[in-house]
Amino acid sequence: MKILIVDDNESIASMLKKFLTIKGYDCTTSQDGRNALDIMMREKFDVVILDLAMPEFTGYDIINELEKSGKIKEQNIIVLTASAITSDQSDSLQKQGVKSCLKKPVTPEILLKVISSCHQIDWFQDS
């Protein structure tokens, strides 16, 4: 399973990549929102773990651009953020196509469970 990790904090992105690689996932990282969007427009990932609060081009910008291009349905996006998100914001993100919103810090067990459920949702939709 291919996972894209998008987080401007290099330590967090690196830690997630190491952990998920150990668990058998093929991980790519990006610390820049525009770069991440370019990657997502070119490649299909089974899951995208996306930080919302990034400088210059945020996770919200990525979601909005993917929605405009119609490519948001091609990605299983899990928002992973330290920012406060209201239930209305979470609902709005999910209406746009985000599969799940998680708050940092998240336990490894919960992250793996959400990744697994996103992939299963995608698998059932494709069949």
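Q: Is the crossing of helix 3 and helix 4 left-handed or right-handed?
A: This is a predicted model. In it, helix 3 and helix 4 cross in a left-handed way.

Q: What describes two packed helices?
A: The angle between their axes and the distance between those axes. Here, the axes of helix 3 (residues 59-69) and helix 4 (residues 87-96) come within 10 Å. They cross at roughly 35°.

Q: Which residues make the contact?
A: Helix 3 supplies Tyr60, Ile63, Asn64 and Glu67. Helix 4 supplies Gln89, Leu93 and Gln96. Three of these contact residues are nonpolar, three polar and one charged.

Q: Which residues of helix 4 are buried?
A: Buried means under 20% relative accessible area. In helix 4, Ser90, Leu93 and Gln96 are buried. They fall within an arc of 120° seen down the axis, so they line one face of helix 4. Their cover includes helix 3, strand 4 (77-81) and strand 5 (100-103). Ser87, Asp88 and Lys95, on the other side of helix 4, are exposed.

Q: How many salt bridges does a search of the whole structure find?
A: Five. One of them joins the side chains of Lys104 and Asp7, at 2.6 Å from N to O. This pair links distant parts of the chain, 97 residues apart. Asp7 counts as buried because its relative accessibility is 2%.

Notes: Residues are numbered from 1 along each chain as its sequence is written. This is a predicted model: local features need pLDDT of at least 70, side-chain atom pairs count only at pLDDT 80 or more; totals for chains, interfaces and linings use all residues. Side-chain values use heavy atoms; hydrogens and water are left out. Axes are lines fitted to C-alpha atoms, for helices over the stretch in contact, and angles run from 0 to 180 degrees between N-to-C directions. Helices (H or I, at least four residues) and strands (E, at least two) are DSSP runs, numbered from the N terminus. A crossing is left-handed if the near helix is turned anticlockwise from the far one by less than a right angle, and right-handed if clockwise. Contact means heavy atoms within 4.5 Å. Ala, Val, Leu, Ile, Met, Phe, Trp, Tyr, Cys and Pro count as nonpolar, Asp, Glu, Lys and Arg as charged, and the others, Gly among them, as polar. Buried means under 20% relative accessible area, exposed over 50%, partly exposed in between (1.4 Å probe, protein chains only). The arc is that of the directions from the helix axis to the C-beta atoms. A salt bridge is a side-chain nitrogen of Lys or Arg within 4 Å of a carboxyl oxygen of Asp or Glu.
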